[in-house]
Amino acid sequence: MDFTLPLTPQYTQTGGTTKAATSSLFGDYAIAATILFTLVVFLFEAYLNFRQRKSYHKIDFPRELETTVGNIDRETKSSAAADNKKEESSKSGSSDSDDKKDKVDRNAPILPQLKSKFSHAQSYGLDKINFSIFSSTYAVTEEVVFLLYGFLPYVWDKACTVGAKYGWTETEHEIKITLLFLGIVTIVGTITSLPFELYSTFEIEKKHGFNKQTLGLFFTDKLKSLFLSAVFGGPFVALLLKIIFMGGDKFYLYVWAFTFVFSVIMMTLVPVVIMPLFNKYEKLPDGPLKDSIYELAGKLSFPLTKLFVMDGSKRSSHSNAFMFGFMKNKRIVLFDTLLSQVSNDEILAILGHELGHWKMGHTVTNFVV
């Protein structure tokens, strides 16, 4: 491998034009510029990661947070008796599941509870950032090596070779060869990323008590993802290339319209068709929580039609909530872990944050961008 400028890949595409025929400032330094840009971005992100990593080594509870939470504890202490009476009067109307939740004790001061969780949070954050630094270093190394050795041109030629066995030619069957090329690249990428995903899930997440996933479920999810990528990604790429070939000078306008329509369709299909292939969704049972969520949605004019509970606990003890749907058909999904970890009032606070994004138009703005 010759590392003198201008850089040229170790492998060049079969049938490609000679270096003399394509000599230009852009052509001569495209690879070098790409590698330089990649390394600059990587180094900047690494700098941010190491800054964050330094903060995870701190063992002292943040003084500002301690002062703020301490003030909250003192302010709420005087009204604790009144709150207890109110809770006792409404206890008979609350669900048993809400009484049994493994959550922060709301009757005890918040500060001692936060301090007890601080060291664990720091340890988890440190493990995550160390893994992120290592995995990103590998990723950028792989990217640079693939560029220098001409991995993508090599795979393209191999796809052409395989396609030739079925009578495909590069000029007349470019779409088929492109799909084969992308399939090979996807498989290689899946294999190279697999050790990192396994370590993240079964070492880091398990170490800190979050992982609930089995190896069988992990690989089942992986196979499902590959299958869905082929089912939806293949036709998408084929149609996209067809539009480019037939679009003429204005092809980019047709590409934009096609990708927009496809995005809208997928945003509709993913929660309804694809996500149920990975998780089980059940309607939230009738009760105070369901009534309160509909009441909150009504105050914000959020057209909520359905409430679901998702079995996120079969993969992780992390909790979450999200909403989806278009126009007057909005739905909210709560992780079952969220229901078991926090109170109904805290769930409403979390949903209030998410619904605030919708009310302020952030969801539409993000989609347009």
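Analyst: What follows describes the sheet, strand by strand, and then the helix across it. This is a predicted model, in which local features need pLDDT of at least 70 and side-chain atom pairs count only at pLDDT 80 or more, while totals for chains, interfaces and linings use all residues. Residues are numbered from 1 along each chain as its sequence is written, and side-chain values use heavy atoms, with hydrogens and water left out.

The protein chain holds 13 helices and 4 strands, where helices (H or I, at least four residues) and strands (E, at least two) are DSSP runs numbered from the N terminus. An open sheet with mixed pairing is formed by 4 strands in the order 1-2-4-3; two strands pair if DSSP finds at least two bridges between them. At the edges are strand 1 (281-283) and strand 3 (321-324), each of which pairs on one side only. Neighbouring strands of this sheet are turned against each other by 30° on average, direction ignored.

Strand 1 pairs with strand 2 (residues 304-310) in the antiparallel sense, over 3 bridges, and within this part of the sheet glutamate 282 has valine 309, in strand 2, as its bridge partner.

Turning to the helix, helix 12 (residues 344-359) lies across strand 3 and strand 4 (330-335), and runs at about 145° to strand 4. Here contact means heavy atoms within 4.5 Å, and axes are lines fitted to C-alpha atoms, for helices over the stretch in contact, with angles running from 0 to 180 degrees between N-to-C directions.
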